[in-house]
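User: I would like to learn how to read a protein model, one feature at a time. Where should we begin?

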Amino acid sequence: MTTREPFFQSGPTLGDQYADDRVLQGWIAHTLPEDVRVAVEPELREMGALAGGALFTLQAEDRLAEPRLVAWDAWGRRIDRIELTAGWRRAAEVAARCGVVATAYDSPHGPFARPHQFALAYLFDPSTDTYTCPLAMTDGAARTLLHHRQHTDGALVDRAVAHLTSRDPKEAWTSGQWMTERTGGSDVGLSQTVARPVDMGSVDAGSAEEDAASTFPRGLAAYRLHGTKWFTSAATSQMALTLARVEGSPPGGRGLTLFYLETARPDGTANHLVVNRLKDKLGTRKLPTAELTLDGTLATPVAGIGHGVRNISPMLNITRTWNAVSSVAAMRRGLALARDYARRRVQFGSPLEGKPLHLDTLAGLAAEFEGAFHLAFRCVALLGRVEAGEDPDGHAAETLRLLTPVAKLTTAKQAVAMLSEVLECFGGAGYVEDTGLPRLLRDAQVLPIWEGTTNVLSLDLLRAAGPRGDLGPLRREVELLVSEVQDDDLSALARDAAASLGRAARWLEETGGGGADGRAPLEAGARRLALTVGRSLELALLCRHAQWSRRHGEMRPGHAAARLHAHGIDRMGLGGASREATAALALA
């Protein structure tokens, strides 16, 4: 009698994540001039090999590790040291060495510096357990400090930016972004953190002034911050930008000031910071998110006193772009794992990759991913042009201001929905923690929340459109895309995208023109408006890319465009719902 060997299912594996990514390679070839592509591809290939190899392996080995707060030393001194995981420490080294932030600042490729940088970030992100969170804030801090350099101490800005953009792991800093307090997340105008000036006129030994003088050069305004920051991600960063209200300033957002601080003083001791606890979160558990008390923390204003919310906006635009790119990176990782598993998993006599229904499911996921990819990376391309000064008529900047909140909210919602489907592709294994798969969904759930929820960003789109509800820059963007699509089937899809965007724009103009009485239905429909705009742009961008791809013998982007269109792009179905009907449904 022959004993049959027990069966063990093999799990999904990854290969070189650049070599295996048709969508990224196609976009790079379509977007970058040939000489730039040849120059940057070796770095992308190195990152792709790391992402599918050493980093992916370490991520699995380090699965159970989490950061740990050591509040006291053995002799009773308060030290508040946060011990990081091995994976995070390795991610920090790779990020610096490979220039995941620095490339945006030291690249010789002008408007293509941002595409180069974000292609690296897109490959790096899924294998590093959300290390792109501190990188996003680091990038945003560097851009914000440079933006305000002429109104801030230049030597301080230069010193900080040199660290934030360093490729030397021993010199590289990350930055925090400390805005959230117990009083509110999005409504930062409710901030209760108080800033009190330090008199630097006379410095006596052992005084508070001496403490400030040792931290900031003479002549630089110093303040002590007092308050609690309720949700500070990347709490181990060497610096932070934060908001506080200088005593005597008016209430609300306009009374807040943007401050720069370093988390340690020159002697290495904490800058009057107390780590109350690390947050116990649904996902992003490798990321040390803390509740901090600022107990006289020394800081200096950025860009003067007041208007802090406005002054920190360059940082938010950068971090929202990172959020969109991280969303599509997570979608791509889930799809890569599901595709590999479909080749390995045999059911009812054949692999899943031979089952028509399973293939149809994967095709639907791929279409959502491809649309989201092109929307996120359109933001990246526009950001590169604006920062390089290649926007003579200001159209790219206008488009980017409207597009950034739309891209962030649309791709984040897609990531959560898609990764839920991805887990289903694995059956029960997708629900078992030690496969590493549930982390995909848990970590994705933060994407619609960070940097503004879907509703907050939908209202931001209304603000960007102005009192007249003008989506003109986006409509011109889509009209240009439609004009570039010649194939009959793709042209029909692109025209549908333009028509959908046009209907949304007309609704905004008509509803926004109703004065005070029209504000309630305008706000009630803002989410559906934003999602319609986002999905319409995704389809138009994908059609344009599919046109280019067909000329190079690649038909799959065209199939993805048709599938994305079939999923529906118009979310304005309830655009005419009355205020009373909305309230009745909400309260039922």
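**Reading the model**

Analyst: Of the 588 residues of the protein, 54% count as buried, where buried means under 20% relative accessible area, exposed over 50% and partly exposed in between, with a 1.4 Å probe and protein chains only. This is a predicted model, in which local features need pLDDT of at least 70 and side-chain atom pairs count only at pLDDT 80 or more, while totals for chains, interfaces and linings use all residues. Residues are numbered from 1 along each chain as its sequence is written, and side-chain values use heavy atoms, with hydrogens and water left out.

User: How does the radius of gyration of the protein compare with that of a compact globule?

Analyst: The radius is taken over C-alpha atoms, and the globule rule is 2.2 Å times the number of residues to the power 0.38. For 588 residues the rule gives a value near 25 Å, and the protein has 25 Å, which agrees. Along the principal axes, the C-alpha atoms fill a box of roughly 80 × 80 × 60 Å.

User: What share of the contacts joins residues 24 or more positions apart?

Analyst: A contact means heavy atoms within 4.5 Å. Among contacts with a separation of 6 or more, 76% are between residues 24 or more positions apart.

User: How many helices and strands are there?

Analyst: Helices (H or I, at least four residues) and strands (E, at least two) are DSSP runs, numbered from the N terminus. The protein has 21 helices and 11 strands.

User: How do I check the length of a helix such as α15?

Analyst: The expected span is 1.5 Å times one less than the number of residues. Helix α15 (residues 454–465) has 12 residues and should span 16 Å; its end C-alpha atoms are 17 Å apart, which agrees. Its buried residues are T454, L457, S458, D460, L461, L462 and A465. After α15 comes G466, with a positive phi near 80 degrees.

User: What is a nonpolar core?

Analyst: In soluble globular proteins, nonpolar side chains tend to be buried together. A nonpolar core is a set of buried Ala, Val, Leu, Ile, Met, Phe, Trp, Tyr and Cys residues joined through side-chain atoms within 4.5 Å. The largest one here has 147 residues, of which Y122, F124, L145, F377, L471 and L529 touch the most other members. Helix α11 (residues 313–344) gives the most to this core, with 16 residues. A second, separate core of 17 residues includes A195, A235, L261 and L294.

User: Which residues does L471 contact, leaving aside neighbours within four places in sequence?

Analyst: L471 is in contact with L402, L461, A465, A505, L508, L529 and V533.

User: Is strand β6 enclosed or open, and which strands pair with it?

Analyst: In β6 (residues 239–246), 8 of the 8 residues are buried, so the strand is largely enclosed by the rest of the structure. M239, L241, L243 and R245 point one way, and A240, T242, A244 and V246 the other. Strand β3 (residues 175–178) pairs with β6 in the parallel sense over 4 bridges, with S175 partnered by M239. Strand β4 (residues 194–197) also runs parallel to β6, with 2 bridges. Strand β7 (residues 256–262) runs antiparallel to β6, with 7 bridges; A244 has T257 as its partner there.

Terms used
Two strands pair if DSSP finds at least two bridges between them.
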